[in-house]
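Student: I would like a close look at a single part of this model, with the terms spelled out as you go.

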Amino acid sequence: MNTNEYLMPTAAYIHIPFCRQRCFYCDFPIAVTGFQSLTLDGWVGEYVEAVCKEIAGQQYLGLPLSTVFFGGGTPSLLPIAGLEKILTTVDKHFGIATEAEISMEIDPGTFDQVQLQAYKNLGINRFSLGVQAFQDNLLTLCGRHHRRRDIDQAFTAIAKEDIKNWSLDLITGLPEQTAEDWHNSLNLALEAGPNHISCYDLVLEPQTVFDKWEQRGKLAVPPPERSADFYRHAQKALTQAGFHHYEISNYGRPGYQCRHNQIYWRNLPYYGFGMGATSYIDGKRFGRPRTRNGYYQWLNSWLNQGDKTPGETVSILENLLESLMLGLRLTAGVTWEQLPAISEDTKQTILNTLMSFGDRRWLEFYGRDNELLSPEKITTASVQRFCFSDPEGMLYSNQILSALFAALEED
Ligand code: SF4
């Protein structure tokens, strides 16, 4: 049984919101800085102080952290002293386990080799590089601040520092992205030698520049069938190159899967700090205000109140839906034990709904000893684990999950 409400968090996400400009597809909680170098004087230092106060104010629940993730925003815009201050506060308050994974998102054009050395000296041991595309016309169209030359410089710095544990992020389905662009991006990504690659499909978030262009008919995103071909192409190229497709959007060589993100996908608890950050502690999920002022106001009142675990308790049904939605993102899928305790009837509802997609081979059901079960052998007792097929089931996961959610909400 997944008793995550009783488990203690061993992971912490820290949001560093600074970005030079807002990319046209982005709806993340960020603070736009422009192109000047940041210092800890003024508002940037104020944010670091606030995050440190939040960390120190969090109730210590008893276990050192095994993963810490600096996400953004663009954490590589924050001066080293700011990162050091936050990391020292985290270590002092929770303790960071010796073999912990400490990840940081970095963007081309915002760091050099000297900074990478400093990050390593702080103990940061995993880097996620936001390349997104290799073509300057696509980067410009997306409102990214970096260009191909910045990507090449980033690769050189990473190679000179002999960093092995790094990931390269790409986006598929960008406006005007051709099959040739995508093919070239995958090849160039592989040539750069990361041990982890993420391929995210573009999502048109409300109120973004892309969303507004789309509404005016001015956004030439590839049609869904071409995006699906991009997905199949990535799956084939990356798995043939020795990467394991372990999550819908993520590929890692053996030993390089992101440990922090797997906590989310397994619906396990984690701390979150900073504006817009979400935490999941004691069965309560909580999203902090997404603006700096909103965050500071919330922080001040939270520091002065008794209850140090904000948020609403996630209901049993929500917990089940989240465990399924997140767990099925993994190619390993889910076992009954990884779900909250559910009745035989609910298990049957899950299986019936999933099997209704059976003819299309979008799902796979496994029994004891990892035996792939044929449809006539699928029962609540025989099935130990179920997952989307890769890549076809993964491609249609939204459709399958919608049906599953509708069935469970009616149950
Ligand atoms: S760099 Fe990342 S977080 Fe910042 S605006 Fe662009 S997509 Fe959003």
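Student: How do the residues of the lining of the second largest pocket divide into nonpolar, polar and charged?

Tutor: This is a predicted model, in which local features need pLDDT of at least 70 and side-chain atom pairs count only at pLDDT 80 or more, while totals for chains, interfaces and linings use all residues. Residues are numbered from 1 along each chain as its sequence is written, and side-chain values use heavy atoms, with hydrogens and water left out.

The lining of the second largest pocket divides into seven nonpolar, two polar and three charged residues (Ala, Val, Leu, Ile, Met, Phe, Trp, Tyr, Cys and Pro count as nonpolar, Asp, Glu, Lys and Arg as charged, and the others, Gly among them, as polar). A pocket here is an open set of points on a 1 Å grid over the protein atoms alone, where a 1.4 Å probe fits, with protein on both sides within 12 Å along at least five of seven lines, and lining residues have an atom within 4 Å of a point.

The second largest pocket holds about 300 Å³ of space, the volume being that filled by probe spheres set on the points, which are joined across faces, edges and corners. Among the 12 residues that line this pocket, Gly358, Arg361, Leu363, Leu373 and Pro375 are the closest to its centre. Strand E16, residues 363–366, supplies the largest share of the lining, with three residues (strands are DSSP runs of E, at least two residues, and helices runs of H or I, at least four, numbered from the N terminus).

Turning to the helices, H1 (residues 43–57) and H10 (residues 292–303) pack at an angle of about 35°, with their axes 11 Å apart (axes are lines fitted to C-alpha atoms, for helices over the stretch in contact, and angles run from 0 to 180 degrees between N-to-C directions). Their contact, meaning heavy atoms within 4.5 Å, involves residues including Trp43 and Tyr47 of H1 and Tyr295 and Trp302 of H10, and the residues of this contact divide into 10 nonpolar, one polar and four charged.
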